[in-house]
Each structure stands twice: as structure tokens, then as C-alpha cells.
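Please keep the sequence and the structure in view while reading.

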Amino acid sequence: MKKIITFGTFDLFHIGHLNILRKAKELGEYLIVGISSDELNIIKGKKSVIPLDERMEIIKSIKYVDEVFVEESLELKDYYIKKYQADLLVMGDDWKDKFNWVSCPVKYFDRTPNISTTQIKEYISKETLI
Ligand code: C2G
């Protein structure tokens, strides 16, 4: 069984998130998703709107996803890859070549254009000002 692993914050879930989960699952039989803890997001310079436990619940309910866990650190990628016996790491190309050091092959997919959590936040904040 080919196991795929991917990581993300998945805050304010949108079509870009769904596309990469679907594309990741197409490369194997079992998809594992590491979801960034709120503490890790602060380190990444992000503050998520949706709390971790709800982001976990949402991702776990996506039909392409077989298993979720909490990602505590960007540096622990190889530990998670070995722990979950992943055969392939999938990431969006905003992380291009950032994880080539891991012990399994890595596939970087083009991001879905014209959508991001930051964009949604900006849109909402602008809309509420009118
Ligand atoms: N993504 C995408 N297209 C978009 C937006 C996001 O393909 N329009 C992809 C990102 O490239 C990433 C995944 O969706 O692979 C999750 O995106 P984020 O929630 O922004 O994840 P990020 O905070 O970048 O966390 O260990 C790596 C980090 O946890 C990744």
C-alpha cells in the first residue's frame, strides 16, 4: 500500500486545500495529513482563525484523507515520514525544494491560483469595513 504524507495549516478551508489533498491521494492508496499546531503557526508567522481541533475534524472528514496527526515542528518532517512509513511527501510549490532533505521522494504541486487563507482574511476584513 503506497502511503502519501502532506502537511498544512488548512485554516479557513478552501478549494486550494481540497485540490492538493485530492491530487496527493491520486498518487497512492493511503493519505496521512500533518496539521500544524497553533504554536507552530505562530512560529510560521500565522495566526489561525479555526482552532486546531476543529481543523483536525474538518481534514479528517475529507474523503481523500485516511489519517491526521498534529504537526509540532517543521524540523520533524523525517521523524513523521518514518513514523507513518510514508513513501512520498507532497507539498504545494510555495515550499518548492524546501524539503528535498527528507528520506523519501517529494512531489511539489503547483498551487491553485487566486485563492489563499490570507486572501480570504483580507476580503472579510475589507467587507466588514464597508
Ligand atoms: N495550497 C495550494 N493552493 C493554494 C493554497 C494552498 O496548493 N491556493 C497548498 C499549500 O501549498 C500547502 C497546503 O495547501 O501544501 C496547505 O496550505 P497551508 O494551510 O497554507 O499550509 P502551510 O501553512 O504552508 O503549512 O510543514 C509544512 C507546513 O505545515 C505547511
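A polar contact is here a pair of N or O atoms within 3.5 Å. The model is predicted, and in it an oxygen atom of the ligand lies 3.0 Å from a polar backbone atom of Gly 92, while an oxygen atom of the ligand is 2.8 Å from a polar backbone atom of Phe 10.

Taken alone, the ligand exposes 630 Å², of which the protein buries 96%.

## The shell and the pocket

The ligand takes up the space of the largest pocket. Strand E1 (3-8), helix H1 (15-25) and strand E4 (88-92) are the elements that each give two or more residues to the shell around the ligand, and the largest share, 3 residues, comes from H1.

In total, 21 residues surround the ligand, and the closest are Lys 46, Glu 71, Lys 77, Asp 94 and Ile 115. Sorted by class, the shell holds 8 polar, 7 nonpolar and 6 charged residues.

## Aromatic pairs

Across the whole structure, a search finds 7 aromatic pairs. For Phe 7 and Tyr 80, the ring centres are 5.9 Å apart and the planes stand at 45 degrees, so the pair is tilted. This pair links distant parts of the chain, with Phe 7 in strand E1 and Tyr 80 in helix H4 (residues 77-83), 73 residues apart.

Terms used
Residues numbered from 1 in each chain as written. Predicted model: local features only at pLDDT ≥ 70, side-chain atom pairs only at ≥ 80, totals over all residues. Heavy atoms only, no water. Near = heavy atom within 4 Å. Polar contact = N/O pair within 3.5 Å; in protein donor to acceptor, adjacent residues only side chain to side chain. Areas by Shrake-Rupley, 256 points an atom, 1.4 Å probe, with all protein chains shown as cover. 1 Å grid on protein atoms, 1.4 Å probe; cavity = no way out; pocket = protein on both sides within 12 Å on 5 of 7 lines; lining within 4 Å. Sits in = over half its atoms within 2 Å of the grid points. Helix = DSSP H or I, 4+ residues; strand = E, 2+ residues; numbered from the N terminus. Nonpolar A, V, L, I, M, F, W, Y, C, P; charged D, E, K, R; others polar. Phe/Tyr/Trp six-rings, centres within 6.5 Å; stacked < 30°, edge-to-face > 60°.
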